[in-house]
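Thanks for making the time this morning. I would like to walk you through a model with you looking at it on the screen, so please bring it up and follow along.

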Protein chains: 2
Amino acid sequence: MILSLSFAFFATTLFVSANVIPKNSEECRTLLGDHLIEEIAGYSKIRDVILNYVLEGDFTSKTYDELAKFVDKFGARPSGTDTLEQSIDYMIQLTHDEGFEDITTEELEVPHWTRGQEEVTMLEPRIKNMAVLGLGRSISTATEGITAQVVVVKNFDQLDTFSDKDIEGKIVLYDPIFTSYGETVQYRSLGATRAAAKGALASLVRSITPFSINSPHTGSQNYGENVTKIPTAAITLEDADLIRRLYDKGEKVVLNIKMFSTYDTQISRNTLIDYKGTENPEKLVIVSGHIDSWDVGQGAMDDGGGLFISWAVPVILKRLNLKPKRTIRSIFWTAEELGLVGAYAYEEKHRNESHNINFIMESDEGTFAPLGLAVAGNKEARCIVAEILKLFTSINASTLVEDDSPGSDISVIIKTGVPGASLHNDNGKYFWFHHTEGDMMNVEDEHELDLGAAFWTAVAYIIADISTDIPR
Amino acid sequence: MILSLSFAFFATTLFVSANVIPKNSEECRTLLGDHLIEEIAGYSKIRDVILNYVLEGDFTSKTYDELAKFVDKFGARPSGTDTLEQSIDYMIQLTHDEGFEDITTEELEVPHWTRGQEEVTMLEPRIKNMAVLGLGRSISTATEGITAQVVVVKNFDQLDTFSDKDIEGKIVLYDPIFTSYGETVQYRSLGATRAAAKGALASLVRSITPFSINSPHTGSQNYGENVTKIPTAAITLEDADLIRRLYDKGEKVVLNIKMFSTYDTQISRNTLIDYKGTENPEKLVIVSGHIDSWDVGQGAMDDGGGLFISWAVPVILKRLNLKPKRTIRSIFWTAEELGLVGAYAYEEKHRNESHNINFIMESDEGTFAPLGLAVAGNKEARCIVAEILKLFTSINASTLVEDDSPGSDISVIIKTGVPGASLHNDNGKYFWFHHTEGDMMNVEDEHELDLGAAFWTAVAYIIADISTDIPR
């Protein structure tokens, strides 16, 4: 996943356990009324049917097994590649095989950035090869690379203390210590632009992670307008610290950076699976994950897990013959990693019907053990979700996080006023693997995926079936 | 560090907290007598002087700072390289600058195995590049590499279920799940030999670690006699699992392995720093770590930390003007990683004086927070050490682990009957970084190194100063 900078700077995230704040509960009771609260509580039997089927019944391990088959077959699925399109075809067939006919794809133009050879070598004060991953859309260097002295800064403020003359002809290394992804990722997203504005030849960023085994993390970045595009890449925590220590001691650190890539655009597809509602088929409860991944690792975590628990929602409901009043739409977003490209295309295409989106959900921050939901919406909307979450205390997934911009793709739609939620899960190690070669099946756990699929399905079903729409 | 297979198979390791087993304490009291026990307890003041000097005085952070300077300056220090020899010269100068004159080096012939280009590519069922590290002393492939089908086995027993005909012309992948290093490392150490005996063209091993961010772990291996030498390397947990899943589903997995290396021998040196005893200068208490490292990472953990806390022992004592009765010898072993080569040379050269080694200590399993000592020796020897460890409850370093083959280099000397100990430390993550590119300064912690240096120094001083020799 990528996170928008609006989230990074402005979102206020409050953790509210649905069960432990009586004052909040009282407010919700007044807002919702006893009747709706009782109605929601009445879904406990359907919840049990779904949980039992996934945790102890025929669907046990199915999410993990299908994810493993998929990931092992295709590996990485970068935007614009044939592999991504083949993986989309595979998902369509897999869903078709479950008896679904209502499968639509919507074409759009997507970026196709292809990584070539990449090398960073410290030349002074001694020779050391450094692990590197170019950032998305980075331009190439010349064949011989860029050889220049390094200036190390902790943040943009520190960069601004240098005159343009100090930076011209240099390589800027951003070395921000990870606090949160939202706060730290700006040095990856905007670092090249800010360094170029001061005349740097290239920029490097300390990988956006709290932990490393010399593992570089790629990710998206965008060149600002009216500045020279310069090559930009991530190095590891270890090498960033090494360079900083040398730099702080007054050593002259000289690097050679060679990086090559190509860029064009291709056609890809968002995929929409509709499980039609019995009473209000025009109204949608959307569950989603993105099918594209970075070119490193295999996108098992980012976002294979989210893709497969969202695939599982209509499949589980159909197998159980559970038919909600509203339509459940499962969307497999394309080209998330290079800028939520599939989501923007969907929002534009479906703008006129967006009033029909009752609630939109996405899982793109890991599918570790589910803890609840991060919810955007007005107070009444959050109260309804909080009541629903009370049904999941037995699996420890009752926490409601107030978040004005949850998810990655869905943030594009939520910012138009649609209420929605992202899976809140036990993802403390998410950024250890995020956008690295380590994003492979080993990160995933069978039982946690079962919990996620069961929770995701039951929540979507209840929202799609209750007597009231989620208010805006 | 490497661990000998004798340790792997036969050592019994018992954790005994020096403070919590009264029965043991009672036995020790009978064995040692009240007088010796009181004498040991009487070292509390000197312990405080050392702990204060390192934890709160002028030596605070010194161990970390000197280690960082050293590691940043030299990086990896593989056996047989000029870099290793320059790093030895540096350590001699650093020690000389502290006013030591009694510095000896002892030359020996060491292996010089140099890694060249290495690539493992899965060709079927799909193309995937795999992270790889050749194992020490592995031979090269031909230029075009070895292309062959994979047979996956969990262990040697499973390999033996295959006929030679099944294995001939294949690549064997050992995929043992990590239990302990001692138990699992045999598939790295002996894998090539066992696979070659059945006609394999090459062997791969799942990296010897419980955790990975797609990080391969190198390490030593030895070709047995009378078998064909075949190329051998480690791949990551993630790729081993991927191959195993495909293999278990009946897929034909074909790999191409290209790996190149050179091998010769060079001259290196063990380094001996003597801090002469006041009453029995011929009697030695040895503290030690190895100065060579693998070629990946920078040997900050393995064994820079052990090297520097052992360097610190005479330095701290000299600075504090603390002069024990026996001589403290700090040894920087060379060429540990390719088979304890420096230690074997020392043992051979000094065999006639080995009765003078009162006690031998090594730190080569990390310098995380010290917890105590892993001790080899007879009951009386262990009782003396247990009494000494009681002095370190305040820093939580009082645990005595009974271990018949502690350490790596020193195991060579301990097996001749010399009592000794290895640093027992909070090294639960040691194997996450061991023999990887991630063995860099980021693994090390300033305060934990201070604790280690203080503990190591105080223990060595007390053993070198008490009225009784450590009995054999």
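Asn321 of chain B counts as exposed, because its relative accessibility is 53% and the threshold for that class is over 50%. Please keep in mind from here on that what we are looking at is a predicted model. Asn321(B) sits in the loop between helix H12, residues 300-319, and strand S11, residues 326-333, of chain B, and its phi is near 55 degrees, which is a positive value in a residue that is not glycine.

Why pick that out at all? Most residues other than glycine have a negative phi, and most peptide bonds are trans. With that in mind, let me turn to Ser61 of chain B, where phi is again positive in a residue other than glycine, this time near 70 degrees. Ser61(B) lies in the loop between helix H3, residues 44-55, and helix H4, residues 62-74, of chain B. Is Ser61(B) buried or exposed? With a relative accessibility of 15%, Ser61(B) counts as buried, since the cut-off for that class is under 20%.

Next, the peptide bonds. In chain B, the bond that joins Glu124(B) to Pro125(B) is cis, with omega about 5 degrees, and Pro125(B) is placed in the loop between strand S2, residues 103-124, and strand S3, residues 128-130. In chain A there is a cis bond from Asp302(A) to Asp303(A), with omega near 10 degrees, and if you look for Asp303(A) you will find it in helix H13 of chain A.

That helix brings me to packing. H13(A), residues 300-319, and H6(A), residues 82-96, have axes that come within 11 Å and cross at roughly 25 degrees. Angles under 35 degrees count as roughly parallel, and therefore H6(A) and H13(A) are described that way. Their crossing is right-handed. On the H6(A) side the contact is made by Met91(A), Leu94(A) and Thr95(A), and on the H13(A) side by Leu307(A), Phe308(A) and Trp311(A). Sorted by class, that contact of H6(A) with H13(A) has five nonpolar residues, one polar residue and no charged ones.

Now a second pair in chain A: helix H5, residues 62-74, and helix H18, residues 446-465, pack with their axes 7 Å apart and at an angle of about 110 degrees. As the range from 65 to 115 degrees counts as roughly perpendicular, H5(A) and H18(A) are therefore placed in that class. From H5(A), the residues Lys62(A), Thr63(A), Tyr64(A) and Leu67(A) meet Glu446(A), Leu449(A), Asp450(A) and Ala453(A) of H18(A). By class, the contact of H5(A) with H18(A) has four nonpolar, one polar and three charged residues.

Finally, let me step back to chain A as a whole, which has 18 helices and 15 strands. Its radius of gyration is 23 Å, close to the 23 Å that the globule rule gives for 472 residues, so chain A is as compact as a globular protein of that length. Along the principal axes, the C-alpha atoms of chain A fill a box of roughly 70 × 50 × 40 Å. Of the 472 residues in the chain, 64% count as buried. And if we take the contacts in chain A with a separation of 6 or more, 84% of them are accounted for by residues 24 or more positions apart.

Key
Residues are numbered from 1 along each chain as its sequence is written. Chains are lettered from A and ligands numbered from 1 in the order in which they are written. This is a predicted model: local features need pLDDT of at least 70, side-chain atom pairs count only at pLDDT 80 or more; totals for chains, interfaces and linings use all residues. Side-chain values use heavy atoms; hydrogens and water are left out. Axes are lines fitted to C-alpha atoms, for helices over the stretch in contact, and angles run from 0 to 180 degrees between N-to-C directions. Helices (H or I, at least four residues) and strands (E, at least two) are DSSP runs, numbered from the N terminus. Angles under 35 degrees count as roughly parallel, over 145 as roughly antiparallel, 65 to 115 as roughly perpendicular and the rest as oblique. A crossing is left-handed if the near helix is turned anticlockwise from the far one by less than a right angle, and right-handed if clockwise. Contact means heavy atoms within 4.5 Å. Ala, Val, Leu, Ile, Met, Phe, Trp, Tyr, Cys and Pro count as nonpolar, Asp, Glu, Lys and Arg as charged, and the others, Gly among them, as polar. Buried means under 20% relative accessible area, exposed over 50%, partly exposed in between (1.4 Å probe, protein chains only). The radius of gyration is taken over C-alpha atoms; the globule rule is 2.2 Å times the number of residues to the power 0.38.
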